[in-house]
Amino acid sequence: MSTLSAGVLLFLIMDPLGNIPLFLSLLRNVDPKRRQLVLVRELLIALVVLFVFLFGGTYLLHVLQLKQESVSIAGGIVLFLIGVRMVFPPKEGIFGGDAEREPFIVPMAIPGIAGPSAVAAVMLLANSYPGRTVDWSVALSLAWLATAVILLSSTYLFRCLGTSVLVAV
């Protein structure tokens with residue numbers, strides 16, 4: 001797998017266009033002057049988490065004596081539970097907590113950007129091709145940068161494309 005194809009794969013898994021409606025709804029109660037700052041903070045947290053799993057994910061799996069298949073199954077269960085909560089939202093919101101407060105780490109950084117699929121993908125890349133960590137770091141950085149550019153311009157994209165187009169994408 002080339003660095004470019006790994007970067008495209010990670011970009012598609014991070015799904016910045018699909019995250020725009022979720023992120024805008026989470027940031028609607030945040031002061032407009034702080035929205036970009038909160039978004040940058042969450043993007044940086046997600047990048048750090050993905051790099052931690054890129055460099056240390058294989059060791060973590062060995063220490064916990066887990067196979068990558070079990071991590072994939074657990075990630076699927078987490079996504080299923082989040083999906084059920086999105087279909088049948090409780091009064092306190094999809095991810096719980098106080099909707100009036102500023103989001104911190106959950107749900108924007110994790111699982112929004114650095115979700116189970118992205119974590120599993122970087123661990124799989126690192127485990128499958130252990131000598132190419134620099135290539136995977138470049139791919140992750142480029143995918144994250146493209147995601148950051150799209151999410152930081154999310155208000156403009158939302159106005160141009162509209163809700164139905166972004167949900168469809």
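Helices here are DSSP runs of H or I with at least four residues, numbered from the N terminus. With that in hand, let's work through a few exercises on this predicted model.

**Exercise 1. Describe how α3 and α6 pack, and say which residues make the contact.**

Step 1: Start with the geometry. Helix α3 covers residues 32–63 and helix α6 covers residues 116–128; their axes lie 8 Å apart, at an angle of about 65°.

Step 2: Classify the angle. Angles of 65 to 115 degrees count as roughly perpendicular, and therefore α3 is roughly perpendicular to α6.

Step 3: The crossing of α3 past α6 is right-handed.

Step 4: List the contact. From α3 come Leu50, Phe53, Leu54, Gly57, Thr58 and Leu61, while α6 supplies Ala118, Val119, Val122, Met123, Ala126 and Asn127.

Step 5: Nine are nonpolar, three are polar and none is charged.

**Exercise 2. Characterise the aromatic pair of Phe51 and Phe55.**

Step 1: A pair of aromatic rings is described by the distance of the centres and the angle of the planes.

Step 2: Apply them. The rings of Phe51 and Phe55 are 5.9 Å apart centre to centre, with 15° between the planes. Planes under 30 degrees apart count as stacked, and this pair is stacked.

Step 3: Relate the pair to the helix. Phe51 and Phe55 are four residues apart in α3, so about one helical turn separates them.

Step 4: Widen the view. Searching the whole structure gives two aromatic pairs.

**Exercise 3. Summarise the chain: how many helices and strands does the chain have, and what share of its residues is buried?**

Step 1: Count the elements. There are nine helices and zero strands.

Step 2: Take the burial. Of the 169 residues, 34% count as buried.

Step 3: Consider sequence separation. Among contacts between residues at least 6 apart in sequence, 84% join residues at least 24 apart.

Methods:
Residues are numbered from 1 along each chain as its sequence is written. This is a predicted model: local features need pLDDT of at least 70, side-chain atom pairs count only at pLDDT 80 or more; totals for chains, interfaces and linings use all residues. Side-chain values use heavy atoms; hydrogens and water are left out. Axes are lines fitted to C-alpha atoms, for helices over the stretch in contact, and angles run from 0 to 180 degrees between N-to-C directions. Helices (H or I, at least four residues) and strands (E, at least two) are DSSP runs, numbered from the N terminus. Angles under 35 degrees count as roughly parallel, over 145 as roughly antiparallel, 65 to 115 as roughly perpendicular and the rest as oblique. A crossing is left-handed if the near helix is turned anticlockwise from the far one by less than a right angle, and right-handed if clockwise. Contact means heavy atoms within 4.5 Å. Ala, Val, Leu, Ile, Met, Phe, Trp, Tyr, Cys and Pro count as nonpolar, Asp, Glu, Lys and Arg as charged, and the others, Gly among them, as polar. Rings of Phe, Tyr and Trp (its six-membered ring) pair if their centres lie within 6.5 Å; planes under 30 degrees apart count as stacked, over 60 as edge-to-face and the rest as tilted. Buried means under 20% relative accessible area, exposed over 50%, partly exposed in between (1.4 Å probe, protein chains only).
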